[in-house]
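Subject: Structure handover

Hello,

Here is the structure I promised to pass on. My notes follow below it.

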Amino acid sequence: MIYLDHNATSPVRLEVIDGLIPYFRDFSGNPSSVHGAGRGARKGLDEARRSVAKLVDVHASQVIFTSGGTEANNMALMGVASQFDFKGHIVTSSIEHPSVLQMCDLLESRGVAVTKIAVDSNGVVDLKALSAALTPETFLVSIMHANNETGVVQPVAEIAKICRSAKVLFHSDTVQSVAKLPLTLAGTGADMISISAHKFGGPKGVGALVVDNHLNLPGMLLGGGQERGRRAGTENIPGIVGFGIAADLVAAEQGELAGKLLALRNQLESKLSKALSELIVFGDKVERLPNTTAFAVSGLDGETLVMHMDMAGFAISAGSACGSGRTKASHVLVAMGYEGAVGQSAVRISLGRDSASEEVDLFVRAFVRTVKNLQKMSAPLAI
Ligand code: PLP
């Protein structure tokens with residue numbers, strides 16, 4: 001199997017497995033306990049917090065460990081909205097991850113007004129529409145850094161500037177961009193960013209909300225006062241330790257890695273578009289994550305392509321999903337204007353640090369063969 005679906009999740013790094021196993025195998029106490037076993041766990045927790053903080057250049061006290069990107073996004077939106085008593089206005093975009101969009105729907109049902117900003121055909125948020133959407137009631141803007149489906153990078157520094165001058169808080173879902181692009185909290189200009197460990201070689205089920213020091217977010221999970229009262233519950237020490245190790249590893253590698261991934265993606269896109277003249281690459285006119293490409297061959301079904309590629313030994317994903325017996329383009333592609341046949345045929349390739357040039361060539365050959373076979377099968381019979 002050649003794995004080309006790193007935006008869905010990435011393989012856990014061996015160094016991460018080696019580093020976290022002692023926290024399962026050898027007795028590790030509760031980090032809130034004062035005895036030696038507890039202090040051992042606390043040491044692992046503190047070291048991991050420093051590593052994650054270093055990756056995005058903040059102080060360790062700014063890192064709130066969560067169960068992943070979903071919880072971090074939920075916490076940012078719910079936390080700020082509750083500080084504003086569920087009154088006022090949130091601005092987000094139409095291409096966010098469901099953990100932002102569905103939380104916006106919930107907040108809307110509790111009385112918060114929500115505006116979803118449109119994107120252009122490249123998938124970039126319309127900054128003029130953003131400025132125009134802000135009202136005196138707006139307390140939060142939540143716009144992702146890089147989109148998980150297309151890899152398109154949003155102009156977060158400009159968004160932050162607009163938010164700052166309107167005195168509005170800015171949260172950015174940086175789950176896909178951390179480790180794929182060098183990124184710091186200050187560099188994004190955001191007040192809060194969300195991170196997920198499993199997107200860059202860490203374990204699943206662990207992540208963080210990184211917050212600016214002036215924010216005093218109320219906890220969503222209440223109880224034993226962990227994470228300085230911002231997220232109660234005994235900490236997932238092995239997961240957090242693994243997150244810290246993954247953060248250290250990518251901090252040392254990320255500049256070099258981005259260059260390698262970009263070269264591989266260029267190789268993939270240029271070979272594919274030479275072989276398939278009808279290929280449409282989403283967002284190819286704007287900045288994208290170096291590892292991500294989403295494309296379509298109109299007329300074919302994205303999920304069918306994914307299944308055929310799976311049988312051929314390649315793990316990729318579709319930009320569409322089958323609902324009520326009909327394939328529908330994802331909300332991201334619909335927002336970019338690809339509601340019909342093009343959106344329905346979209347697939348995504350997301351490369352990782354172990355991806356190799358030979359794998360890209362094997363993929364291109366298998367994909368072109370699959371497309372030609374499917375096109376032959378769906379062509380009307382000549383009578
Ligand atoms: N945000 C984005 C952009 C994502 O791609 C994902 C995961 O696919 C998430 C949030 C959710 O992260 P997690 O799987 O850690 O809950």
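Predicted model: local features only at pLDDT ≥ 70, side-chain atom pairs only at ≥ 80, totals over all residues.

The protein splits into two domains. Domain 1 is made of residues 2-6 + 254-377, and domain 2 covers 14-249. Their C-alpha centres are 28 Å apart. On the domain 1 side, 24 residues are in contact with 26 residues of domain 2.

The size of an interface is often given as the accessible area lost when the parts come together. Here the area buried between domain 1 and domain 2 is about 2,100 Å². Carbon and sulfur atoms give 60% of that area. Three residues stand out on the domain 1 side: Gln254, Leu289 and Met336. They supply 30% of the area that domain 1 buries against domain 2, more than any other three residues.

H10 gives the largest share, four residues. By type, this side of domain 1 has twelve nonpolar, eight polar and four charged residues.

**Salt bridges in the whole structure**

Side chains of opposite charge can pair when their charged atoms come close. The structure holds 15 salt bridges. Take these:

- Arg348 and Asp5 meet at 3.0 Å, N to O. Arg348 is in strand S15 (residues 346-350), while Asp5 is in the loop between strand S1 (2-3) and helix H1 (14-25), so the pair ties together parts that are 343 residues apart in sequence. Arg348 and Asp5 are both buried.
- Lys87 and Asp85 meet at 4.0 Å, N to O. Here both Lys87 and Asp85 are exposed.
- Glu269 pairs with Arg265, with the closest N and O atoms 3.9 Å apart. Glu269 and Arg265 are four residues apart in helix H8, so about one helical turn separates them. Glu269 and Arg265 are both buried.

There is also a network. Salt bridges that share partners join Arg13, Glu15, Glu253, Arg353 and Asp354.

**Two single residues**

Is Glu71 buried or exposed? Buried, because its relative accessible area is 11%, and the cut-off for buried is under 20%. Glu71 sits in helix H3 (residues 69-83). Its side chain makes a polar contact of 2.7 Å with the side chain of Arg231. Leaving out residues up to four places away in sequence, Glu71 touches Thr66, Met220, Leu221 and Arg231.

Met309 belongs to helix H9 (residues 302-311). Met309 is buried too, with a relative accessible area of 0%. Which residues is Met309 in contact with, leaving aside its neighbours within four places in sequence? The list is Phe314, Ile316, Phe363, Ala366, Phe367 and Thr370. For a sense of scale, take Met309 and Gly88. They are 221 residues apart in sequence and 47 Å apart in space, C-alpha to C-alpha.

Best wishes

Definitions and conventions:
Residues numbered from 1 in each chain as written. Heavy atoms only, no water. Domains from an automatic or database assignment. Contact = heavy atoms within 4.5 Å. Buried area = accessible area lost by both parts, 1.4 Å probe. Helix = DSSP H or I, 4+ residues; strand = E, 2+ residues; numbered from the N terminus. Nonpolar A, V, L, I, M, F, W, Y, C, P; charged D, E, K, R; others polar. Buried < 20%, exposed > 50% of the residue type's maximum accessible area, 1.4 Å probe, protein only. Polar contact = N/O pair within 3.5 Å; in protein donor to acceptor, adjacent residues only side chain to side chain. Salt bridge = Lys/Arg side-chain N within 4 Å of Asp/Glu carboxyl O.
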